[in-house]
Amino acid sequence: MQCTASLTCVLSKVAAMERWAGRVAMVTGASSGIGAAIAKDLVKNGLKVVGLARRVDRLQAAAVELKNLPGELHAVQCDITKEEDILSAFKWVEKHLGGVDVMANNAGVVHQAFLSDGDTSEWRQMLDVNILGLSICTREAIRSMKKRGVTDGHIVHINSIAGHGLPQSTTMFYMYGATKNAVTNLAEGLRRELVKSNSKIRVTSISPGLVRTEIMDVAHLHTFTASDIFENPHLEPLDISDAVIYVLGTPPHVQVHELTIIPTGQKF
């Protein structure tokens with residue numbers, strides 16, 4: 001997704017994002033990995049970005065680092081598994097920035113939890129973060145957009161190839177694959193809801209293959225280690241952030257509904 005071939009290509013990307021300058025984006029899981037990369041790229045493109053994460057100190061440090069860029073990063077502490085935290089974050093945005101124009105649902109968690117002997121707490125955490133947290137944020141973002149008459153808002157779900165029934169992915173991570181399959185269905189369901197209500201708000205599901213982030217470092221793995229996984233070809237967070245910038249930069253009449261990105265040479 002990186003566009004480095006020519007100055008013309010770079011300028012084209014900048015022009016495509018100009019209409020978002022000064023608008024407000026919310027990014028969940030913004031303290032590291034894909035979320036941090038998305039937040040930084042949006043700030044570079046002049047957006048007012050509200051980063052949500054439990055590790056607010058990381059967000060605050062990032063806000064200082066990005067202070068000389070066209071946009072701005074606001075750090076808001078939020079546990080995506082707690083609805084009260086999410087609602088409080090949206091109230092903060094409404095009070096201080098007016099409301100949300102772009103919602104990037106990036107927060108996610110994975111455990112190698114099998115159905116035959118998995119830990120209920122691990123299942124619940126994946127369901128709470130990957131499905132319920134995403135759904136609550138989406139609902140509140142849509143409400144914010146409609147309340148203010150925003151007609152060109154954008155909802156972006158960071159999904160996974162595991163959400164499309166790939167055998168190896170779902171075999172390794174049963175419940176994780178199930179939660180991401182739900183995200184695939186929720187994206188299509190939301191698209192239909194928006195069409196039915198004559199809304200021009202767009203929704204995009206971005207499904208990466210293996211990405212080198214901290215998600216595997218904190219996962220509960222049983223049959224291999226994070227180091228084992230990343231011996232395979234993998235993407236970097238910037239690759240996914242580039243994809244977010246691409247879908248936001250498409251003309252308002254174009255909806256990139258599903259975008260799948262895998263590393264060259266992926267084996268599963």
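**Exercise 1.** In this predicted model, determine how the axes of helix α2 (residues 33–44) and helix α9 (residues 237–249) are placed, and classify their arrangement.

*Solution.*
Step 1. Two packed helices are described by the angle between their axes and the distance between the axes.
Step 2. The axes of α2 and α9 come within 8 Å and cross at roughly 45 degrees.
Step 3. Angles under 35 degrees count as roughly parallel and those from 65 to 115 as roughly perpendicular; α2 and α9 are therefore oblique to each other.
Step 4. The crossing of α2 and α9 is right-handed.
Step 5. On the α2 side, the contact is made by G33, I34, A37, I38, D41 and L42. On the α9 side, the residues include P237, L238, I240 and V244.
Step 6. By class, this contact has ten nonpolar, two polar and two charged residues.

**Exercise 2.** Describe the largest nonpolar core and the surroundings of F90.

*Solution.*
Step 1. The largest nonpolar core has 35 residues, and M26, F90 and I155 have the most contacts inside it.
Step 2. Two or more residues each come from β1 (24–28), β2 (48–53), α4 (83–97), α5 (120–147) and α7 (174–196). The most come from α5, with seven residues.
Step 3. Neighbours within four places in sequence aside, F90 is in contact with M26, V100, M103, C137, E140 and A141.

**Exercise 3.** Is H154 buried or exposed?

*Solution.*
Step 1. H154 lies in strand β5 (residues 154–158).
Step 2. Buried means under 20% relative accessible area; H154 has 1% and is therefore buried.
Step 3. Residues up to four places away in sequence not counted, H154 touches, among others, W20, D101, M145, R202 and L248.

Methods:
Residues numbered from 1 in each chain as written. Predicted model: local features only at pLDDT ≥ 70, side-chain atom pairs only at ≥ 80, totals over all residues. Heavy atoms only, no water. Core = buried A, V, L, I, M, F, W, Y, C linked by side-chain atoms within 4.5 Å. Buried < 20%, exposed > 50% of the residue type's maximum accessible area, 1.4 Å probe, protein only. Helix = DSSP H or I, 4+ residues; strand = E, 2+ residues; numbered from the N terminus. Contact = heavy atoms within 4.5 Å. Axes fitted to C-alpha atoms, helices over the stretch in contact; angles between N-to-C directions. Parallel < 35°, antiparallel > 145°, perpendicular 65-115°, else oblique. Left-handed = near helix turned anticlockwise from the far one by under 90°. Nonpolar A, V, L, I, M, F, W, Y, C, P; charged D, E, K, R; others polar.
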